[in-house]
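Dear colleague,

I am handing over the structure we spoke about, and I would ask you to keep it open while you read the notes that follow it.

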Amino acid sequence: MPRKIIIDTDPGQDDAVAILLALASPDEIDLLGVTAVAGNVPLELTAKNARIVCELAGHTDVPVYAGCDRPLNRPLVTAEHVHGKTGLDGPVLPDPQMPLAQGHAVDFIIDTLRAHEPGTVTLCPLGPLTNIATAFTKAPDIVDRVQEIVLMGGAYFEVGNITPAAEFNIYVDPEAADIVFKSGAHIVVMPLDVTHDALVTPHRNDAFRALDSKVGHAVAEMTDFFERFDKEKYGSEGAPLHDPCVTAYLIRPELFSGRHINVEIETQSELTLGMTVADWWRVTDRPANAMFMGSVDAQGFFDLLTERLARL
Ligand code: BDR
Ligand code: CA
């Protein structure tokens, strides 16, 4: 039975690839809906980009909802410097024809969790955790109904990418992240420690291009665009595909390994705001609340991605 999931996202080129991987994998993943949140770019654009990506994959049947347009109690920080003005710079893709689904993303998350058997719906956040935290606060009964939350966010060994101490998704809405990490839901975290190893080398990007399909070219062009930033910053061979680690985990969890540990979110300090304080070395007796991944079989991940994208 495919796993029922909701992808909560702020596309973003890497979010787009994560969604494409899910849509290409119907045996393992039943995508119930996509919920957009403000993050890499403002909500209007993330809600548009999510539909562009569904249409690129030929899946106008997946409902796309717009959610929260700003963090719980801070102004929005965006990342056009990484993802470009549209959030999806790189390929030229047509404006979406499919409309947004009626209603608010937060209500869709709540209603979906209530409508399905407890423990059968997984949440996959790929952006700031505002929609998820708002849903948990508005309807605390849904927390126990969540099968698992598999999210991209945070870092321990790699520390930060938007500040020296914090990863972007957690930094943008640390209060929301705090609510989610304290919720008691089962959480699997794909931090920068993992995603910085999921690098699109020129060879791997050529493999996407060689699919010679609409999707293959679009993914290669997205990567061409956003790799310039990481290459300059880290001197790396290519761009890290952060968010597809989440959907790859649902298909092939054995590609990843990590530790079940305590993770707390810094919400007070100006200097380290949004830091994921991960007790990797288990030096406290704080209870474990997350499976914090530490490594990925990068070649296995790219083989899976290429094989699946070829199906679209
Ligand atoms: C995360 O931030 C966004 O820019 C990416 O889409 C990813 O979700 C990486 O820090
Ligand atoms: Ca993202």
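Two strands are taken to pair if DSSP finds at least two bridges between them, and in this predicted model strands β9 and β12 (residues 290-296) are joined by 6 bridges and run antiparallel. Within that pair, S257 stands opposite S295 in β12.

Both strands belong to an open sheet of 8 strands, whose order is β3-β2-β1-β4-β5-β6-β12-β9 and whose pairing is mixed. The edges are formed by β3 (64-66) and β9 (256-261), each of which pairs on one side only, and from one strand to the next the twist averages 25°.

Helix α7 (residues 174-181) lies across β5 (146-152), β6 (187-190) and β12, and runs at about 135° to β6. Helix α11 (residues 244-251) lies across β1, β2, β4, β5, β6, β9 and β12, with a direction at about 140° to β5.

There is also a helix pair to look at. The axes of α9 (residues 202-209) and α12 (residues 298-309) come within 9 Å and cross at roughly 15°; angles under 35 degrees count as roughly parallel, and α9 and α12 are therefore roughly parallel to each other. Their crossing is right-handed, and the contact is made by R204, A207 and F208 of α9 together with A298, Q299, F302, L305, T306 and L309 of α12. Sorted by class, this contact of α9 with α12 has 6 nonpolar, 2 polar and 1 charged residues.

Note on methods
Residues numbered from 1 in each chain as written. Chains lettered and ligands numbered in written order. Predicted model: local features only at pLDDT ≥ 70, side-chain atom pairs only at ≥ 80, totals over all residues. Heavy atoms only, no water. Helix = DSSP H or I, 4+ residues; strand = E, 2+ residues; numbered from the N terminus. Axes fitted to C-alpha atoms, helices over the stretch in contact; angles between N-to-C directions. Contact = heavy atoms within 4.5 Å. Parallel < 35°, antiparallel > 145°, perpendicular 65-115°, else oblique. Left-handed = near helix turned anticlockwise from the far one by under 90°. Nonpolar A, V, L, I, M, F, W, Y, C, P; charged D, E, K, R; others polar.
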